[in-house]
Amino acid sequence: MKVFVYPGSFDPVTNGHMDIIERAIGICDKLIVGILINNKKESTFSVKEREDMLKSALNGRANIEVTSFSGLLVDFMKQNNVTTVIRGLRAVSDFENEFQLALLNKNQYPDMETLFMMTSSNYLYLSSSMVKELAIYKGNIDSYVPACVKEALIKKFTNI
Ligand code: PNS
């Protein structure tokens with residue numbers, strides 16, 4: 001069985017992430033979406049909130065598991081017995097960081113392969129931070145996030 005891991009912060013999940021998830025599940029048998037628990041980086045949503053939003057957006061899709069991990073991605077991969085990680089690539093600006101991450105991971109865990117999936121053109125400049133900024137100033141985010149995320153963003157930023 002071909003299993004891929006799709007790791008990220010997902011703070012919150014956007015339609016850009018959803019697009020990668022949809023296309024990734026088309027080329028593997030099972031996808032594990034791994035939310036990074038990063039105590040060093042302040043996040044807008046708790047890990048539980050991010051996990052709930054992803055699960056709700058995926059609406060019980062078979063063959064997709066949503067979970068969280070802390071520490072190194074390579075250790076999470078080993079624990080799950082998975083060697084393939086998938087990452088979305090947007091503009092060229094993503095490349096340097098992703099290249100470094102992929103090489104570091106390969107060095108730590110030689111069996112690991114990183115697959116890069118080009119973002120669909122409508123999500124080229126979409127990011128979780130951009131969506132949050134739009135939401136804070138009440139911009140239109142309808143086409144950028146799943147409905148449950150829009151609701152959560154409105155709720156989160158209502159009284160600031
Ligand atoms: O959505 P993001 O923030 O771009 O995702 C980045 C992520 C979670 C894939 C990356 O930061 C990661 O794998 N972090 C876990 C720690 C790790 O393994 N770092 C690489 C070696 S220093």
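Does D19 count as buried or exposed, and at what relative accessibility? In this predicted model, D19 has a relative accessibility of 13%, so D19 counts as buried, the cut-off for that word being under 20%.

**View 1. Let's meet D19 and the residues around it.** D19 is part of helix α1, which covers residues 15-25. Its side chain makes a polar contact with the side chain of R23, at 2.9 Å. Leaving aside residues up to four places away in sequence, D19 touches T119, S120 and Y123.

**View 2. Here is the open sheet, built from 5 strands.** Reading across, the strand order is β3-β2-β1-β4-β5, and the pairing is parallel. At the edges sit β3 (64-69) and β5 (113-118), each of which pairs on one side only. From one strand to the next, the twist averages 30°. A handy reminder: strands of a sheet pair through backbone hydrogen bonds, either parallel or antiparallel.

**View 3. Now zoom in on strands β1 and β4, which run parallel.** Look for V5: its bridge partner in β4 is V85.

**View 4. Helix α2 packs on the sheet.** This helix, residues 47-58, touches β2 (30-36) and β3. Compare directions here: that of α2 makes about 170° with that of β3.

**View 5. Finally, helix α4 lies across β4 and β5.** You can find α4 at residues 93-108. Helix α4 runs at about 170° to β4.

Notes: Residues numbered from 1 in each chain as written. Predicted model: local features only at pLDDT ≥ 70, side-chain atom pairs only at ≥ 80, totals over all residues. Heavy atoms only, no water. Helix = DSSP H or I, 4+ residues; strand = E, 2+ residues; numbered from the N terminus. Buried < 20%, exposed > 50% of the residue type's maximum accessible area, 1.4 Å probe, protein only. Polar contact = N/O pair within 3.5 Å; in protein donor to acceptor, adjacent residues only side chain to side chain. Contact = heavy atoms within 4.5 Å. Pairing = 2+ DSSP bridges. Axes fitted to C-alpha atoms, helices over the stretch in contact; angles between N-to-C directions.
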